[in-house]
Each structure stands twice: as structure tokens, then as C-alpha cells.
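Dear colleague,

Please find below the structure that I am handing over to you, together with its sequence.

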Amino acid sequence: MSARPLLESVDCSSRYDATSRGNGVGPTLPLDDNDRPIVEKRLLRKLDLRVTFLVLVCIMNIMDRYNVAAARLHGFEEGLGMTGNQFNTLISILYVGYLFMQTPSNMILHRMKRPSLYLSSCMVAWATITVFMGAVQTYHAALILRFFIGLMEASFFPGAVFLLSRWYKKNELGLRMALLFCGSSISGAFGSLIASGILSSLDGTLGFSAWRWLFFVEGALTIVIAVSAIWIIPDFPSTPSVWLLPDEQILAQRRMKEEVVVIEHEGKPEKNFSGLVEALLDWRVWWLGVALHLMVCSHSFSIFFPTLSATMGYNMTTSLLLCAPPWILGTATSFVVARHSDVTGDRFWHIVCPQLVGIIGYMIAISTMNTAMRYISLFFMAQSSVAYIISLTWVTNTFSQSQSKRAAAIALVNTIATTGFISSPYFWPSSWGPSYVNSYLICILASVTSIAMCWVFRQHLSRCNEAAEAEEKVLGLPQGFRYLL
């Protein structure tokens, strides 16, 4: 394992001369140093409001992805005549669609001027297919539709992460990633509440079963939000925006150029798919992908959260309502952990600690069938989801040499990670319930292995930073780029 990829891949003279020449940052900002903080604060406030809308999109993305788990509690399997592991296969097939589309989607997004239009169109597509899910009559028809939902949904998460990385600096990104991904936790909480309301109040309306109304209502709601997203989701800083003043637009562009100019070669335009090739040949992309794959496997409990809640013996409505509090606490924890990670500049320990909290939850669930203790275990498990948020932030911080490589690396890592959702539904067969001891043991093993891989990666980046520091001392250069650990 080499400790010198930073030194071998970067032209040090270009790295430092670009800043000193002053021509690597683009147009001269028509502001003095005293005005910049004011403009920057105004820019971030406007941008944060639009990113908040992405949270709503994320909520609908997760709800449309996992609504089959809630439908399962109200006759979904019986309605389509499912037997054995067919429900697990129905969950897995969605992520096969993710596998095919995430990387191509991000490479397309990188070259578009209007990512808002692209992402909104994908939203409309998956929402429309979700509505059709409510009309299916056979298991195989549902299987096909779930595959295409995954194909369309694949554009959102890696695309949104890449979009954030084009607007925010590395010391701002963790909190915004947490803001985006809190949609997942909120969906886990309020998605269950919404599902409970639909399933309990619309059963038999117009002759449709309650689980069919769940797909109709949530799909239609996503379509409405998707249409609104065309005008609300921000485009790239290089695309003229009516919601930004001229000085804010120029500052947004300069902030991103300041982030990459220290390590990007000057005067070398990117060739078609050069970023994808670089990402494919970088072993670190594959290493992090496998580490996050294992992390996703350890978080597979989230897919079956309503089922795990139901093991406590309550009725369908109560089981869904009990899903909300653990995810609400998990959302609050995500903000605290992500913000502290940004402030301290540390990624590794902010990934490990939530994982360890999750392991405690698994161990509690294994050790007892007591209702109170098993419910407490769900609170511990829900805290582990923030580890994935920090991990993806670490990916964007590490692969920032060029915009195209960053886009490809984010998509590739997320694609490899997502394959965990293809296999992990089979970790939770009904025959292992209601205790699911074997399932929790698999989650513990996957989590521990993921932590070990992250530690090895941290050691590698630490050696790279030490090598860069030694090079700067020898050449008498000022401090340049450093990887976040």
C-alpha cells in the first residue's frame, strides 16, 4: 500500500504557482476582504434554504423505497400471493436498478447545466411507477416495477451529494450532508406515521385495499414535489441563477475554485470520462466502497424496522407509531455528530462511534425478548445511520482533485455500498424471527469489519499527509492540501 499517491499525482509547482499567479481562481471578485464575509453569509443562507428542500425530496425518496415494508403489515404479501423469500427478493430487486444507474447518472449530471431539471425528471419517473405499484395484480409485475423504481431513484442520492460538493467547502459539507440525510431518519419516523394513517383510514375506499392506497397517495405526493423541484433545486455555481445576486454568483464560483486549485493541474482540460477512468483505477475508491458496503449491510435493520417493531407484540397501528421516536432521536444525533465532525476536521472517529452505539443495540436485542429492552435497542440502532453520512462526506473530501473524478468516485462508492441492500434483505428471513439473533450477529460482524477497513484507510491518509509535509519542508513550500482523517 503506497503512502505517496498525493506526491506522485500532483505537480507541486502548479499547485502553488496557481495561487501566487492569481489567475487560477477565475474573475476578480468585485469585493474587498471586508465585504466577502457578508456576501458569503448571505450566499450560504440562500443555499441552505434550497438544500432544505432536498431534505423533502429525500424523505419522499425513502418513503417510496420502503413503503412495501409498511404495506406488508396490511396484506401486501397476501394480496399478491407471495410465499417464502419472495418479499425479500422484491426489496432486493430495487437495488439492482441502483447498481446499473448510479455511476452513469452522475457522469451525465456532471455534464449538465441544469441538474435541477434532470433530478426532477427522475423524480417524476419513479413517482409515477410508484403509483402503478398500487395497481399491480401479480408478484412478477411488482418485481418489474420495483426494478424500474430503483433505476430512476438511483440518480438522486449520488447526484445530490455531488451537487452539494459543488457548492460547499469541505469544512461546511458534513453538516449539509447531515441535513440532506436526515430526510432518511425523518422518513423512518414520519413515513411510518403517514403509512399508519393511510392504512387505517382508506381501506376499502373505492374498492381498493389499504396497501394500494399507500402507493397511490405517496406516489402522487412525490409527483407534486418533483414538479416544484424544477424551480427550487439549485443548479451548479457556473449556471446563472435568478435567485443569486451577481456578487453571490461570482463568490460561489470562486469558493469552489479555491477548494480545488491547490491540487488541480492548471491548463489541462478534462477529457471525456477521464474522471471515471481515474476513479476506476484508484484502489481507494474500491476500498471505501467495500467498507461502506459492509456498513450498509450492518444497517439493513432499517429496511425491516416496522417488522422489528412488530416483534414487541403490538397491533399494526401501534407498531408503526413506535417506529417514529427512535428515528427522531437519530435525526437529532446526526446534526450534532456531523457538526462536530466539521468543526474538529475528524471523520474516522465520527464514523466509528455511531457504529459502536449500533453494535450495543444489536447486542441488547440478541440478549433479551423483554419488550422495553428491545424497544430501547431500536433507539441504539437508529443512531448508527449517521456513520454513513460522515463516510460519504469523507469520500467527497478525499477525491477532490477534479470535479469529474469526484462525481465518479461518489457514484462508484455509493454503487458498491448499495449492493449491500441487494444481499442484506436475506439476512432477515421470517424463520429467524421474532428474535432475529442470527440477523443481529451478521450486522455485528459487518459493522466490525467496516470499522477495521476505515481504520486502515485512515492510516493510509495519515501517511500521505506526512509525506506531503516532508516534501514541503525539503522544497521550502507553504502548506498545501491535506486529507481529512
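**Overall picture**

Buried residues make up 59% of the 485 residues in the chain. Please keep in mind throughout that this is a predicted model. The chain contains 22 helices and 0 strands. Of the contacts in the chain with a separation of 6 or more, 82% are between residues 24 or more positions apart. The accessible surface of the chain comes to about 18600 Å², and carbon and sulfur atoms account for 67% of that surface.

**The nonpolar core**

The largest nonpolar core has 142 residues. Within this core, the residues with the most contacts are Phe76, Phe156, Trp167, Leu180, Phe181 and Trp428. Helix H3, which spans residues 36-72, gives the most to this core, with 18 residues. Which residues does Phe181 contact, leaving aside its neighbours within four places in sequence? They are Phe157, Val161, Tyr388, Ile389 and Leu392.

**Aromatic rings**

A pair of aromatic rings is described by two values, the distance of the centres and the angle of the planes. A search of the whole structure finds 28 aromatic pairs. One of the pairs, Tyr95 with Phe421, is stacked, at 4.5 Å centre to centre and with 20° between the planes. This pair links distant parts of the chain: Tyr95 belongs to helix H5 (residues 86-110) and Phe421 to helix H21 (residues 420-423), 326 residues apart. Both Tyr95 and Phe421 are buried.

One aromatic cluster is formed by Phe301, Phe304, Phe305, Trp327, Tyr362, Trp428, Tyr436 and Tyr440.

The charged end of Arg166 sits over the ring of Phe236, 4.2 Å from its centre. Arg65 lies over the face of Tyr66, at 5.6 Å from the ring centre.

**A glutamine in a loop**

Gln383 is found in the loop between helix H18 (371-382) and helix H19 (386-398). Is Gln383 buried or exposed? Its relative accessibility is 10%, so Gln383 counts as buried, the cut-off for buried being under 20%. The side chain of Gln383 reaches the backbone oxygen of Phe379 at 2.7 Å. Not counting residues up to four places away in sequence, Gln383 touches Pro326, Leu329, Gly330, Thr333, Pro354 and Val357.

**Backbone features in loops**

The loop between H21 and helix H22 (437-475) holds Pro434. A cis peptide bond joins Gly433 and Pro434, with omega at about 0°. Tyr436, a member of the aromatic cluster described above, is also placed in the loop between H21 and H22. Tyr436 is not a glycine, yet it has a positive phi of about 55°. With a relative accessible area of 6%, Tyr436 is buried.

A positive phi of about 55° is likewise found at Leu206, although Leu206 is not a glycine. Where does Leu206 lie? Its place is the loop between helix H9 (170-201) and helix H10 (210-232). Leu206 has a relative accessible area of 70% and is therefore exposed, since the cut-off for exposed is over 50%.

Yours sincerely,

A colleague

Methods. Residues numbered from 1 in each chain as written. Predicted model: local features only at pLDDT ≥ 70, side-chain atom pairs only at ≥ 80, totals over all residues. Heavy atoms only, no water. Core = buried A, V, L, I, M, F, W, Y, C linked by side-chain atoms within 4.5 Å. Buried < 20%, exposed > 50% of the residue type's maximum accessible area, 1.4 Å probe, protein only. Helix = DSSP H or I, 4+ residues; strand = E, 2+ residues; numbered from the N terminus. Contact = heavy atoms within 4.5 Å. Areas by Shrake-Rupley, 256 points an atom, 1.4 Å probe, with all protein chains shown as cover. Phe/Tyr/Trp six-rings, centres within 6.5 Å; stacked < 30°, edge-to-face > 60°. Lys NZ or Arg CZ within 6 Å of the ring centre and 35° of its normal. Polar contact = N/O pair within 3.5 Å; in protein donor to acceptor, adjacent residues only side chain to side chain.
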